[in-house]
Amino acid sequence: MHRVVITGMGAISPYGVTVNALRNGLNEGRSGLKYDEALKFVVGAVPGERVEDRWTAGQQREMSRASMYSLVASEEALKQANAEAIDHEETLVNIGTCMSDLEHIGETAQKVSEGQARRVSPYFVPRILNNLPAGYIAMKYKMRGGVESTSTACATGLHCIGNAFQSIRHGHSLRALAGAVECALNPISLAGFDRMRALARGDQPTISRPFDKKRAGFVMSEGVGIVFMERLEDAKARGAQILAEVLGYGISSDCYHISTPDPSAIGAILSMRRAIGNANLDPIQIGYVNAHATSTPNGDSVEAEAVRKVFPNQNIAVSSIKGHIGHLLGAAGSVEAIATICAMNDNILPANRNLEETDEDCGLNILRENQQWVEPTSQTKISICNSFGFGATNASIILKQF
């Protein structure tokens, strides 16, 4: 088996375009959330430039915003890895998304229902296919190692990275671009989640409050996170800067309910334990849990219980950055993995923003403020990232500072 490292990262988040925007926002403890007067919800929209304006009007008709966001983040990741011009014959692309362009689907459905089928865009189908972001990237950089688009609701990002990691580790691919994108901030998506009573209500960004006693739902956001991964020996031969090593990956299913985790926490426990076993580690070697915790009452409690059982008597540091940037749905795991790598390299443990009082800190160090990340001198920083999704799907990945 091969050791797998990350040499490039690209991101768009509610803090802005680029990984540095994400890093700086978290290190400064700022909120990336705002109340949207048109949508009538607090959301995590991408501020500043309209990324779409980097393309012509004709290209914007052809491509979804998810494809455009993915191309921008991929370019950043490849530039950082100094891998834009290398031979990508054996490069895999696995970039997924949770939801298609529901607004475009709704507008098209309206035209058809009004007998105006001839006015339907010839690009309707390409714009709603979830694998097209990966397809555009593969075509741009001639990545012939395969195009995949894992889609597992809010666990999508980690599943994409984890599956690509396994492909490189076992010799099926030499390298990969992997991650996920989400561009679902629209009235249809918000109405759907609101009817499920999944969204927090109010007009202040503080309503996104993972692990807090007053948590009452998540805040929806948009963005993308993509990493460039390769074999350790190849990265060294190229002289690439190594940002982190991927050590292990675990998945599971609760087999309980389409949107509610098993109260026993078995799904989260299994995904974390399988990731730890896959990495051949002892739990005591892991110093931080980047939690999925979305600011929902049941979800946060179940994950906290799972962490207690996987890391007993360890008082392990735990935080979710969804208080800062909200819930990016399918892109959450990949953006949060990037944030975790930044935290390891910056020696800063990110806080749980908006946390005032919690009933989940028994046996855990639920971070209330950013802290300096200091491990024993003999121990390298190792973290575990969790993502869980509707359909009872779970993923955990282990990252190590290199």
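Predicted model: local features only at pLDDT ≥ 70, side-chain atom pairs only at ≥ 80, totals over all residues.
Helix 10 is followed by Asn280, a residue whose phi is positive, near 60 degrees.

Helix 11 deserves attention next. It comprises the 14 residues 297-310, which should span 20 Å at 1.5 Å a residue; the end C-alpha atoms of helix 11 are 21 Å apart, in agreement with that expectation. Buried within helix 11 are Asp300, Val302, Glu303, Ala304, Ala306, Val307, Arg308 and Val310. These buried residues pack against helix 10 (266-278), strand 10 (288-290), strand 11 (317-319) and strand 15 (382-389).

How do helix 10 and helix 11 meet? Two packed helices are described by the angle between their axes and the distance between the axes. The axes of helix 10 and helix 11 come within 9 Å and cross at roughly 40 degrees. Helix 10 is therefore oblique to helix 11. The crossing in which helix 10 passes helix 11 is right-handed. On the side of helix 10, the contact is made by Ala268, Ile269, Met272, Arg273 and Ile276, and on the side of helix 11 by Ala306, Val307, Lys309 and Val310. An α-helix has 3.6 residues a turn, so residues three or four places apart point the same way.

Helix 1 (residues 19-28) packs with helix 13 (residues 332-346) at an angle of about 65 degrees, and their axes are 10 Å apart. Helix 1 and helix 13 are therefore roughly perpendicular to each other. Here too the crossing is right-handed, as helix 1 passes helix 13. From helix 1, Val19, Leu22, Arg23, Leu26 and Asn27 meet Val335, Ile338, Ala339, Cys342 and Asp346 of helix 13.

Ile6 lies in strand 1 (residues 4-13). With a relative accessible area of 2%, Ile6 is buried. Apart from its neighbours within four places in sequence, Ile6 is in contact with Val227, Phe228, Met229, Gln241, Ile242, Leu243, Ala244, Val246, Ile341 and Leu399.

Burial is also marked in helix 6 (residues 132-141), where 8 of the 10 residues are buried, so that the helix is largely enclosed by the rest of the structure. The buried residues are Leu132, Pro133, Ala134, Gly135, Tyr136, Ile137, Ala138 and Tyr141. Helix 6 is followed by Lys142, whose phi is positive, near 55 degrees.

The cysteines complete the picture. A disulfide is a covalent bond between the sulfur atoms of two cysteines. How many disulfides does a search of the whole structure find? The search finds 0. For Cys154, the closest cysteine sulfur is that of Cys98, 5.1 Å away, which is too far for a bond, since a disulfide requires sulfur atoms within 2.5 Å. Cys154 is buried, with a relative accessible area of 10%, whereas Cys362 counts as exposed at 59% relative accessibility.

Key: Residues numbered from 1 in each chain as written. Heavy atoms only, no water. Buried < 20%, exposed > 50% of the residue type's maximum accessible area, 1.4 Å probe, protein only. Helix = DSSP H or I, 4+ residues; strand = E, 2+ residues; numbered from the N terminus. Expected span 1.5 Å × (residues − 1). Contact = heavy atoms within 4.5 Å. Axes fitted to C-alpha atoms, helices over the stretch in contact; angles between N-to-C directions. Parallel < 35°, antiparallel > 145°, perpendicular 65-115°, else oblique. Left-handed = near helix turned anticlockwise from the far one by under 90°.
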